[in-house]
Amino acid sequence: MLHTPAVYPCLLEQSEARGFTMPSDSKVGSMLRTLVASKPNGIFLELGTGMGLSLAWMLDGMDSNSKMISLDSDMELVDLAKQNFFGENRLELLCVDGEGWLSGYKGPNFDLIFADAWPGKYSLLDSTLNLLNVGGFYVIDDMVEQPNWPKGHGEKAKTLIGDLESKRGLKITNMDWSTGVIIAVKVDEYGK
């Protein structure tokens, strides 16, 4: 049986009660926990906090010296996450426009970026990849057609996959697993 983070059952309950239609898969969460655990003293970024399901997994994998920034543009979801992760001093939760934040971010680069929102995935991809440390992971999910995809989204996903496969400085694995996961690792200074 998969060991889940302590807060995870509560987050699932809240997701169901709110009719949240985009919850992260627990397989993806478990994978993220493992990847985060491979980066002691790491700094991590989640684009799209949502209900905090993936965030719970990543926090569960982080050591005490690591830091996580998670952002979402929905104040209600950020407030809920602040309640569920109250007292978590390794976490900075932000309610911001992702594109604006990515464009203006001047802090240290990240050891893992989980792009689970439009910004950083379907927009500002190059800017986001430039925020990765060499050896850092870029992770996206929902790359296999989902029932809730709007018309034409499948073509956007195919274009994104092609873009990632063509990037110099990245090694990627495209997995037909869970909801469709791509893991990329930065192997040199991207775009330089």
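Tutor: Helices (H or I, at least four residues) and strands (E, at least two) are DSSP runs, numbered from the N terminus, and two strands pair if DSSP finds at least two bridges between them. This is a predicted model, in which local features need pLDDT of at least 70 and side-chain atom pairs count only at pLDDT 80 or more, while totals for chains, interfaces and linings use all residues. Residues are numbered from 1 along each chain as its sequence is written, and side-chain values use heavy atoms, with hydrogens and water left out.

The part to examine is strand β7, residues 181–186. Five of its six residues are buried, so β7 is largely enclosed by the rest of the structure. Here, buried means under 20% relative accessible area, exposed over 50%, and partly exposed in between (1.4 Å probe, protein chains only).

Consider next the partners of this strand. Strands of a sheet pair through backbone hydrogen bonds, either parallel or antiparallel. Strand β6 (residues 170–175) pairs with β7 in the antiparallel sense over six bridges. Within this pair, N174 has I182 as its bridge partner, and M175 stands opposite V181. The two strands form a hairpin with five residues between them, and S178 in the turn has a positive phi of about 55°. Strand β5 (residues 132–140) also runs antiparallel to β7, joined to it by four bridges; there V139 stands opposite I183.

These pairs belong to an open sheet of seven strands with mixed pairing, in the order β3-β2-β1-β4-β5-β7-β6. The edge strands are β3 and β6, each of which pairs on one side only.

The nonpolar surroundings complete the picture. A nonpolar core is a set of buried Ala, Val, Leu, Ile, Met, Phe, Trp, Tyr and Cys residues joined through side-chain atoms within 4.5 Å. In the largest core, of 31 residues, V139 is among those that touch the most other members, together with M31, L32, M68, F85 and L112. Both β5 and β7 are among the elements that give two or more residues to this core, and α3 gives the most, with six residues. A second, separate core of 27 residues includes L47, L131, I140 and I182. In a regular strand the side chains alternate between the two faces of the sheet.
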